[in-house]
Amino acid sequence: MNLYDRIPNNVNLSEDKRLQRALEKWLPNYLDWWHAMGPDGFQDKDVWLRTAIDVGSEGWAHFDYVKMPDYRWGIFLEPAQPDAKVGFGDNFGAPAYQEVPGEFRNSLRRIIVTQGDTEPASVEQQRQLGHTCPSLYDLRNLFQVNVEEGRHLWAMVYLLQAYFGRDGRDEADALLEKRSGNPDKPRILEAFNQPCDDWLNFYSFTMFTDRDGKYQLSALAESGFEPLARTCKFMLTEEAHHMFVGDTGLSRVVRRTAQLMKQNPNEEVREAGGIPLEIIQKYINFWFSYSLDLFGGEISSNSADFFAAGLKGRFKEQEQYTDHIAAEGSFVMQVVEDGKLAPREVPLRNALNQVLRTEYVKDCEKGLARWNKALADERVVARLYLPSIRFHRHVGEYAGHNFDLEGNLITRDEFEGRKTEWLPTIADREYVRSLMHPVTEPGKIANWIAPPAAGIKGKPFEFEYVRL
Ligand SMILES: [Fe+2]
Ligand SMILES: [Fe+2]
């Protein structure tokens, strides 16, 4: 097999022997990891998957049946812009960095390793879900997300191996050695150590946690380190599908719940084998709050340093802002002071995590509006909502304090006394798991979820997306 067939790429890999050697050495270790930690039980099945074969919005992907271990995990960057400039920060307007600037080397490596670590982590979290798929359509979408997270790991490993020499290669190896949820060698970020062992978790994860990925990648797509910017821009095209899976997945669960409520005189969903709205709300509360943590502290000197250095910008930095220096200005946020919430004015650059988080919350609200429309369509009065950004936080200003869903400061005892109303209990999780029986006949769907409005890439829902 020639090099391009082993590692499809648009980075002239055949001309860079050193990088080629590093990637070819890493490839078998990656495959070992994939076999050990990738989707359990389906490695020899034909799955109708899209594979990235080029960049650009038209014709970048090819759809066909492929066995997952034969998936071509390639390296694709958006084309370089001639005369690219650093778009923000203290070096605004200087030529974009084509190599790693020495003074930012540690920061950049940390950014890339942190992003890279999330990609295999999510595959590990979702490893067992195939056994309980609600339909072949959903099974295929799970595997599509999994192989693309694998490709995102490749994207970050490419940057590490191409630009960070020896320590980059060591970091690339280490990314395959950690394990989601393993106390001895956990993944870096906590959302990626949480179990994702039922499909309500999976849709919540792809809705809320993959969406954090969209905002991190968007901020890095602005980077003055051009190889990182170009890599992240292309990853975003794939990421859109992951969020689609989560958003529409939850929407379909909500719609089905509403239908079952209407079929039962007391709106009792459990008897009818559906997932009650209260449980869906608790899963939203859980995954939304863990995903908010991924943006980092509300007040952060790292965010200021990364922006000043031109490494990590704001969401749509070029489109949305005219002042790309952001050295002046401030951001007012609520913080806990003397046991009370009080406003604090923070220099803008130190508040950039919170600025990015605010964009993310607006985007999540749109999902909630769509699900509530499904409830309204089915003539159900109840509505779903996002909890306050202060609720159930483990990182930043609100960590170590207790808040209710509206964001009111409460005591630890109050929180402990009410948390079973707000977060999934063991019994809730067991109930959801009790509904998870595999449905693998083409065109059939589990009772607790509505079918999708359309299939994938013009194929009908009844299409045999996975040949079992
Ligand atoms: Fe990803
Ligand atoms: Fe993703």
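This is a predicted model: local features need pLDDT of at least 70, side-chain atom pairs count only at pLDDT 80 or more; totals for chains, interfaces and linings use all residues.

**Exercise 1.** Determine how the donor residues of the iron ion (ligand 2) are spaced in sequence, and which geometry they give.

*Solution.* The protein donors are E149 (OE), D210 (OD), E239 (OE) and H242 (ND1), at 1.9 to 2.2 Å from the iron ion (ligand 2). The angles subtended by the 4 donor atoms run from 87 to 167°. Four donors count as tetrahedral only if all angles lie between 85 and 135 degrees. The arrangement is irregular because of the angles of 87 to 167°.

**Exercise 2.** State which residue coordinates both the iron ion (ligand 2) and the iron ion (ligand 1).

*Solution.* E149 coordinates both ions, which are 3.5 Å apart. E149 belongs to helix α4 (residues 136-163) and D210 to helix α6 (residues 199-221), so this pair ties together parts 61 residues apart in sequence. Both E149 and D210 are buried.

**Exercise 3.** Describe how strands β3 and β4 are joined.

*Solution.* Strand β3 (residues 330-337) and strand β4 (residues 340-347) run antiparallel and are joined by 8 bridges. Within this pairing, V335 stands opposite A342. The two strands form a hairpin with 2 residues between them, and D338 in the turn has a positive phi of about 50°.

**Exercise 4.** Characterise the second largest pocket by volume and lining.

*Solution.* The second largest pocket holds about 350 Å³ of space. Its lining comprises 20 residues, with A221, E222, A229, K233 and Q318 nearest the centre. Helix α7 contributes the most to this lining, with 5 residues. By class, the lining has 6 nonpolar, 6 polar and 8 charged residues.

Terms used. Residues are numbered from 1 along each chain as its sequence is written. Chains are lettered from A and ligands numbered from 1 in the order in which they are written. Side-chain values use heavy atoms; hydrogens and water are left out. Donors are N, O and S atoms within 2.8 Å of the metal (3.2 Å for Na, K and Ca); water is not among the atoms, so sites may look incomplete. Four donors count as tetrahedral if all angles lie between 85 and 135 degrees; four count as square planar and six as octahedral if opposite donors are over 155 degrees apart and all others between 65 and 115; anything else is irregular. Helices (H or I, at least four residues) and strands (E, at least two) are DSSP runs, numbered from the N terminus. Buried means under 20% relative accessible area, exposed over 50%, partly exposed in between (1.4 Å probe, protein chains only). Two strands pair if DSSP finds at least two bridges between them. On a 1 Å grid over the protein atoms alone, a cavity is a set of points where a 1.4 Å probe fits but cannot get out, and a pocket is an open set with protein on both sides within 12 Å along at least five of seven lines; lining residues have an atom within 4 Å of a point. Grid points are joined across faces, edges and corners, and a volume is the space filled by probe spheres set on the points. Ala, Val, Leu, Ile, Met, Phe, Trp, Tyr, Cys and Pro count as nonpolar, Asp, Glu, Lys and Arg as charged, and the others, Gly among them, as polar.
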